[in-house]
Amino acid sequence: MSDIFEFTRNFLINLNPLWIYLVIVLVGLFIYWKGCTETRRNRSSIFDTFLISIATGLVVGRISYLSINWSEYSRYAWYFLPYERYGQTVYLFRLLPWRLLRVWDGGLTIFVAMITFLVILTLLVSLYKKWRWYQVYFAVFFSMTSMLATSFLYLGIIENYMAWIIRGIILFLVPVIFWAFSKIFLFLIENNYKRRKALIYFGVLIVTLTSVYTSYEYLSDQTSQFEFISVIILLIWNVISDIFIILDLNKPNIEIEKVSSVRAVDIEVNQPIRIK
């Protein structure tokens, strides 16, 4: 087992961080897509909202990383071209401002990026798309936690830090537990409305506990000001979302049947037509 772990660790260390970012995004996209398609949402809208949110999250996560580590970047000179050439050797993106774009160096505050993603995606699906919040609430949250779990596993393996690996495993188990209980409720509760209501209340409990656990884990370590603010935003998001999902769940469903005002007229085909 130790040999497999060491092989995986060496492989990930030598892997370009851009591939890790891609894997993290694909994991979150799959969870979000799976949760939304079960509510019969338009697939193009699903991808649009996710891509806009994750792009915004990565930008904010990068900016926060640059702000935290600006002393490291301030020692570089400014140059108007994105490359340097010394004889036959060309170096790309080594000087400012181009060096600020080198996300493949691993410079990203992942927690800030994930909370930004969570907030932007919430605003898009609830205010812009106007989807029922209780239908996409869990897809939004679990897509964020799955990406955070993947980043925890990655960092835990390359740093050989078991606490981060455990955090990643716990966050990965959260949507699995929710899915398992949805299947249990399917067999135990026959009434569709009661089953949906019980599952949502259980899900609210799971999401709240996960938010508190994630916040505690970050606050127990040494965090930056950006990460501390992100923890506060996560807790506020959780409280507001729980309130809105309960209100949305108990909102009556009103269906308006469209009835044509034009009366139907029966015409016999074999009836002769009289011309006056």
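Which helix gives the most residues to the lining of the largest pocket? Here α7 comes out on top, with 8 residues. This is a predicted model, where local features need pLDDT of at least 70, side-chain atom pairs count only at pLDDT 80 or more, and totals for chains, interfaces and linings use all residues. Residues are numbered from 1 along each chain as its sequence is written, and side-chain values use heavy atoms, with hydrogens and water left out.

**Figure 1. The largest pocket.** Its volume is about 1000 Å³. On a 1 Å grid over the protein atoms alone, a pocket is an open set of points where a 1.4 Å probe fits, with protein on both sides within 12 Å along at least five of seven lines, and a lining residue has an atom within 4 Å of a point. The volume is the space filled by probe spheres set on the points, which are joined across faces, edges and corners. Of the 26 lining residues, Gly 35, Glu 38, Phe 178, Ser 182 and Leu 199 sit closest to the centre. Two or more residues each come from α2 (17–37), α6 (133–158), α7 (162–188) and α8; helices are DSSP runs (H or I, at least four residues), numbered from the N terminus. Sorted by class, the lining has 15 nonpolar, 5 polar and 6 charged residues. Ala, Val, Leu, Ile, Met, Phe, Trp, Tyr, Cys and Pro count as nonpolar, Asp, Glu, Lys and Arg as charged, and the others, Gly among them, as polar.

**Figure 2. The second largest pocket.** This one holds about 690 Å³ of space. Look for Leu 108, Ile 110, Leu 155, Trp 164 and Glu 227, the nearest to its centre of 26 lining residues. Here α6 gives the most, with 5 residues. The lining splits into 15 nonpolar, 6 polar and 5 charged.

**Figure 3. Helix α5 against helix α9.** α5 (residues 110–128) and α9 (residues 225–249) pack at about 35°, with axes 9 Å apart. Axes are lines fitted to C-alpha atoms, for helices over the stretch in contact, and angles run from 0 to 180 degrees between N-to-C directions. Residues in contact (heavy atoms within 4.5 Å) include Phe 111 and Ile 115 of α5 and Leu 234 and Trp 237 of α9. The tally is 10 nonpolar, 2 polar and 1 charged.

**Figure 4. Helix α8 beside helix α9.** The axes of α8 (residues 192–220) and α9 come within 10 Å and cross at roughly 170°. The two helices are therefore roughly antiparallel, a label for angles over 145 degrees. Their contact has 15 nonpolar, 5 polar and 4 charged residues.

Methods. Angles under 35 degrees count as roughly parallel, over 145 as roughly antiparallel, 65 to 115 as roughly perpendicular and the rest as oblique.
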